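Colleague: Could we go through this model together? I would like to begin with the backbone and then turn to the helices and the annotated sites.

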Amino acid sequence: MGWKTLDDMDLDGKKVLVRVDINVPVENGRVTDTTRIDRIAPTVRDILAKGGRPILIAHFGRPKGKVVLDMSLRVCLPALEAALGCKVGFIETLAAAEAGTDEVASKPVVLLENIRFYPGEEGNDPEFAARLAKLGDVYCNDAFSAAHRAHASTEGIARLLPCCAGRLMQAELSALESALSRPERPVGAVVGGAKVSTKIALLENLVGRLDVLVIGGGMANTFLAAQGARLGASLSEPDHLETARQIMARAEAEGCRIVLPVDGLVARAFKAGAPHDVVPLGPDTVLDDDQMVLDAGPASVAAIADAFATLKTLIWNGPLGAFEIAPFDQATNAAARDAAQRTRAGTLISVAGGGDTVSALNQAGAADDFTYISTAGGAFLEWMEGKTLPGVAALGG
């Protein structure tokens, strides 16, 4: 790991520009989920403890370089102050920050207004990055979830100041490197979700690195169809059957065992509590035109548990079925709890990420027992795809 952490920096008396991700859900003027805010607190507290003065830079929504009052970060102040246990100053404009207002001088922590109000941010404009850099002495990136974007506050500014990773960024990078770059073997992954087309690069990268790959959700239907199954009204991508065959062929050549569903919960309606049957799945399966596979079945869950028992490291991205509606959440819940139990027992290192994944693991009551849960979405996927993330590369990693 070539990047520095807060432990490597002298912050005493320094103004520290901290890129954070507090792009949180808001309803009726209140933050409804403070997870992302809570997870930056260790970084801010450490900077304060080392004598630094944190100036937080963040985005909120997609204002596209214009001031949009409904996307003001001011709404985050109460939750931010609660998480940090101190007052937080708020700077409405970059010009005010440059002028050094009373807010900067009187509050231990300062939050700049939505950085995406400025077109120079997403354009990674060098002059805009230079303006930001002049506000501080040190740059700390604690927003892994935005590290796949080459923006002024994630990439440009890191080229202009002494820089390091914050505690959350450090934890994310350490967890992902231990899961994929230098894992304890055997290593496996669960890749689920609706479509193969959105995860082609991910699958292509993983089959060369894994010992076992469990494929679930709607994308498993495409793999089954590629083997000859006719799955009625099931979600599938006929245009990607050849892609699925190529991935299976490469996996075989690389020594990566693919685990596909061997049975499934089949219904004629996509709704909670829909009548369903457990049907064997394989190359010879033929379903009625109005039947659809909505979850993996009990035999598939048993096969996944058997696969988990062989692993020392597990990466998880995506659910195994329509987990949002019962009873089609059974496979995801059972497999997640199995992975959680093995992690609790100390026999498995488990790392998971992606929006639906976090929701599914929380729903299963398994998230707290996983070794690490990434709150990043696109950045997590791009890392798993083997791509270079500009925000990480700029730190020297």
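Colleague: In which loop is Pro 186 found?
Modeller: Pro 186 is found in the loop between helix H8 (167–181) and strand S9. Helices (H or I, at least four residues) and strands (E, at least two) are DSSP runs, numbered from the N terminus. This is a predicted model, in which local features need pLDDT of at least 70, side-chain atom pairs count only at pLDDT 80 or more, and totals for chains, interfaces and linings use all residues. Residues are numbered from 1 along each chain as its sequence is written, and side-chain values use heavy atoms, with hydrogens and water left out.

Colleague: What kind of peptide bond joins Arg 185 and Pro 186?
Modeller: A cis bond, with omega about 5°. A cis peptide bond also joins Ala 326 and Pro 327, where omega is about 5°. Pro 327 is in the loop between strand S15 (313–317) and H13. Most peptide bonds are trans.

Colleague: And what is phi of Asn 28?
Modeller: Phi is near 50° there, a positive value in a residue other than glycine. Asn 28 belongs to the loop between S2 and strand S3 (30–31).

Colleague: Now the helices. At what angle do H12 and H13 pack?
Modeller: Helix H12 (residues 298–309) and helix H13 (residues 330–344) pack at about 20°, and their axes are 10 Å apart. Axes are lines fitted to C-alpha atoms, for helices over the stretch in contact, and angles run from 0 to 180 degrees between N-to-C directions. H12 and H13 are therefore roughly parallel to each other. Angles under 35 degrees count as roughly parallel, over 145 as roughly antiparallel, 65 to 115 as roughly perpendicular and the rest as oblique.

Colleague: Which residues meet there?
Modeller: From H12, Val 301, Ile 304, Ala 305, Phe 308 and Ala 309 meet Ala 331, Ala 334, Ala 335, Asp 338, Ala 339 and Arg 342 of H13. Contact here means heavy atoms within 4.5 Å. The residues of this contact divide into nine nonpolar, no polar and two charged. In this scheme Ala, Val, Leu, Ile, Met, Phe, Trp, Tyr, Cys and Pro count as nonpolar, Asp, Glu, Lys and Arg as charged, and the others, Gly among them, as polar.

Colleague: How do the axes of H13 and H14 cross?
Modeller: The axes of H13 and helix H14 (residues 355–363) cross at roughly 80° and come within 9 Å. H13 and H14 are therefore roughly perpendicular to each other. Thr 332, Asn 333, Ala 336 and Arg 337 in H13 meet Ala 360, Leu 361 and Gln 363 in H14. That contact of H13 with H14 divides into three nonpolar, three polar and one charged.

Colleague: Changing topic, which residues does the UniProt "binding site" annotation with Lys 199 cover?
Modeller: The unreviewed UniProt entry names Lys 199, Glu 324, Gly 354, Gly 355, Asp 356 and Thr 357. The lining of the largest pocket takes in Lys 199, Glu 324, Gly 354, Gly 355, Asp 356 and Thr 357 from this set. On a 1 Å grid over the protein atoms alone, a pocket is an open set of points where a 1.4 Å probe fits, with protein on both sides within 12 Å along at least five of seven lines; lining residues have an atom within 4 Å of a point. Lys 199 lies in the loop between strand S9 (187–191) and helix H9 (200–206).

Colleague: Where is Arg 36 placed?
Modeller: Arg 36 is in helix H1 (residues 35–49). The unreviewed UniProt entry also has a "binding site" annotation covering Arg 36, Arg 116 and Arg 149. Of these residues, the lining of the second largest pocket includes Arg 36.

Technical notes. UniProt positions renumbered as here; feature names shortened; annotations may be inferred.
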